[in-house]
Amino acid sequence: MYIIVIGWLYVTALMALTESSVVAGVLTLTFYGLLPSALLLWLFGGPARRRRAARAAGESGANGSATDDERPDH
């Protein structure tokens with residue numbers, strides 16, 4: 001997935017370099033390159049984020065759970 005993003009940013013950077021003004025180049029790079037790439041990475045990175053969060057919750061639950069004998073009597 002990262003190779004697609006790198007290729008797309010390369011293409012949009014070249015597009016931005018051929019613009020007639022600096023402002024047009026920055027806007028081209030931002031709206032055709034950076035924002036769609038960030039959206040793509042965010043959308044397709046969701047399952048990995050959920051797996052990472054579930055793994056962290058499982059580890060903290062397994063390590064942080066105390067048995068009835070270890071809990072204080074409050």
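Modeller: A polar contact is a pair of N or O atoms within 3.5 Å, where one must be able to donate a hydrogen and the other to accept it. In this predicted model, the backbone oxygen of Val26 and a polar atom of the Thr30 side chain are 2.8 Å apart.

Biologist: Which side chain makes a polar contact with the side chain of Thr28?

Modeller: That of Glu19, at 3.2 Å. Thr28 belongs to helix 2. Leaving aside residues up to four places away in sequence, Thr28 touches Met15, Ala16, Glu19 and Gly33.

Biologist: Before more residues, the overall layout. How many helices and strands are there in the protein?

Modeller: Three helices and zero strands. Along the sequence the pattern reads α-α-α. The protein has 74 residues, and 12% of them count as buried.

Biologist: How do I read the packing of two helices? At what angle do helix 1 and helix 2 pack?

Modeller: An angle over 145 degrees counts as roughly antiparallel. Helix 1 covers residues 2–17 and helix 2 covers residues 22–44; they pack at about 170 degrees, and their axes are 8 Å apart. Helix 1 and helix 2 are therefore roughly antiparallel.

Biologist: Which residues in helix 1 meet helix 2?

Modeller: Tyr2, Val5, Trp8, Leu9, Thr12, Ala13, Met15 and Ala16. On the helix 2 side, the residues they meet are Gly25, Thr28, Leu29, Tyr32, Gly33, Leu34, Pro36, Ser37, Leu40 and Leu41. The residues of this contact divide into 13 nonpolar, five polar and no charged.

Biologist: Take Ser37 from that list. Is Ser37 buried or exposed?

Modeller: The cut-off for buried is under 20% relative accessible area. Ser37 has 6% relative accessibility, so Ser37 counts as buried. Its place is in helix 2. Beyond residues up to four places away in sequence, Ser37 touches Val5, Trp8 and Leu9.

Biologist: And why does Thr28 count as buried?

Modeller: Because its relative accessibility is 6%, and under 20% means buried.

Biologist: How many residues apart in sequence are Thr30 and Leu9?

Modeller: They are 21 residues apart in sequence, and their C-alpha atoms are 9.9 Å apart in space. A C-alpha separation is read differently from a contact, for which heavy atoms must be within 4.5 Å.

Biologist: One last residue. What is the relative accessibility of Ala38?

Modeller: At 42%, Ala38 counts as partly exposed. Ala38 has its place in helix 2. Ala38 and Val5 are 33 residues apart along the chain, with their C-alpha atoms separated by 8.9 Å.

Notes: Residues numbered from 1 in each chain as written. Predicted model: local features only at pLDDT ≥ 70, side-chain atom pairs only at ≥ 80, totals over all residues. Heavy atoms only, no water. Axes fitted to C-alpha atoms, helices over the stretch in contact; angles between N-to-C directions. Helix = DSSP H or I, 4+ residues; strand = E, 2+ residues; numbered from the N terminus. Parallel < 35°, antiparallel > 145°, perpendicular 65-115°, else oblique. Nonpolar A, V, L, I, M, F, W, Y, C, P; charged D, E, K, R; others polar. Buried < 20%, exposed > 50% of the residue type's maximum accessible area, 1.4 Å probe, protein only.
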